[in-house]
Amino acid sequence: MAPHSASERPPPPLPAIPPADVLGRLAALPGTDIQDLKQQWQALFGTAPPPYNRKFLESRLAYRIQELAYGGLKPETVARLEALGEQLDGGNVVLRRIRAGNGPVAGTRLVRSYQGVEHTVTVLADGFEYEGRPYRSLSAIARHITGTRWNGWAFFGLKNQRGAA
């Protein structure tokens with residue numbers, strides 16, 4: 001077997017985490033400096049940390065610590081999940097990237113006061129209802145109410161929740 005060049009060198013082995021260390025490591029994550037979280041990411045994933053926020057890093061590190069201590073999903077489970085995913089999206093990888101359930105649940109009432117008038121929107125399974133009329137988007141409703149272009153999620157105060165959903 002030929003020796004590896006610097007660019008072909010295999011990644012270093014991932015550390016084994018004793019199950020007895022898991023609770024202590026999980027409890028320490030919220031108080032850990034962000035730079036230390038990024039170093040842990042490098043050590044536990046063998047890749048550079050993504051440019052995401054602290055909560056994302058903490059949650060993924062917590063999962064990874066448990067995965068390395070107790071083992072990950074069985075290959076049969078992974079195969080079953082992939083098969084179920086293909087049943088839902090027909091193997092379309094673009095659809096897999098679209099997050100399901102990124103909006104309020106059908107039946108939710110969104111209330112917004114604008115220029116002293118209270119406006120109520122009902123979330124439907126396939127859109128929204130405002131003043132007894134169906135709309136495809138919150139932006140269309142916000143435009144109807146204000147007469148100007150608005151991001152409907154921002155107008156109804158859902159912009160931050162949408163990213164977190």
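Biologist: What does contact mean here, and how many of the contacts between residues at least 6 apart in sequence join residues at least 24 apart?
Modeller: Contact means heavy atoms within 4.5 Å, and among contacts in the protein between residues at least 6 apart in sequence, 34% join residues at least 24 apart. This is a predicted model, in which local features need pLDDT of at least 70, side-chain atom pairs count only at pLDDT 80 or more, and totals for chains, interfaces and linings use all residues. Residues are numbered from 1 along each chain as its sequence is written, and side-chain values use heavy atoms, with hydrogens and water left out.

Biologist: OK, which elements does the protein have, and in what order do they run?
Modeller: There are 8 helices and 4 strands, where helices (H or I, at least four residues) and strands (E, at least two) are DSSP runs numbered from the N terminus. From that end the order is α-α-α-α-α-β-β-β-β-α-α-α.

Biologist: And which residues touch the most others in the largest nonpolar core?
Modeller: Of its 15 residues, L110, V121, L138, I141, I145 and F156 touch the most other members. A nonpolar core is a set of buried Ala, Val, Leu, Ile, Met, Phe, Trp, Tyr and Cys residues joined through side-chain atoms within 4.5 Å, and buried means under 20% relative accessible area, with exposed over 50% and partly exposed in between (1.4 Å probe, protein chains only).

Biologist: Which element gives the largest share of this core?
Modeller: Helix 6 does, with 4 residues. A second, separate core has 12 residues, including L29, W41, F45 and L61.

Biologist: Back to helix 6, then: which of its residues are buried, and where do they sit around the axis?
Modeller: The buried ones are L138, I141, A142, I145 and T146. Seen down the axis of helix 6, they fall within an arc of 120° (taken from the directions from the helix axis to the C-beta atoms), so they line one face of the helix. Their cover includes strand 1, strand 2, strand 3, strand 4 (133-135) and helix 7.

Biologist: Why does T146 count as buried, and what does its side chain reach?
Modeller: T146 counts as buried because its relative accessibility is 16%. Its side chain reaches the backbone oxygen of A142 at 2.8 Å, and a polar atom of that T146 side chain lies 3.0 Å from the backbone oxygen of T148. Leaving aside neighbours within four places in sequence, T146 is in contact with Y114 and F155.

Biologist: What happens just after helix 6?
Modeller: There, G147 takes a positive phi of about 80°.

Methods:
A polar contact is a pair of N or O atoms within 3.5 Å; within protein, one must be able to donate a hydrogen and the other to accept it, and residues adjacent in sequence count only if both atoms are side-chain atoms.
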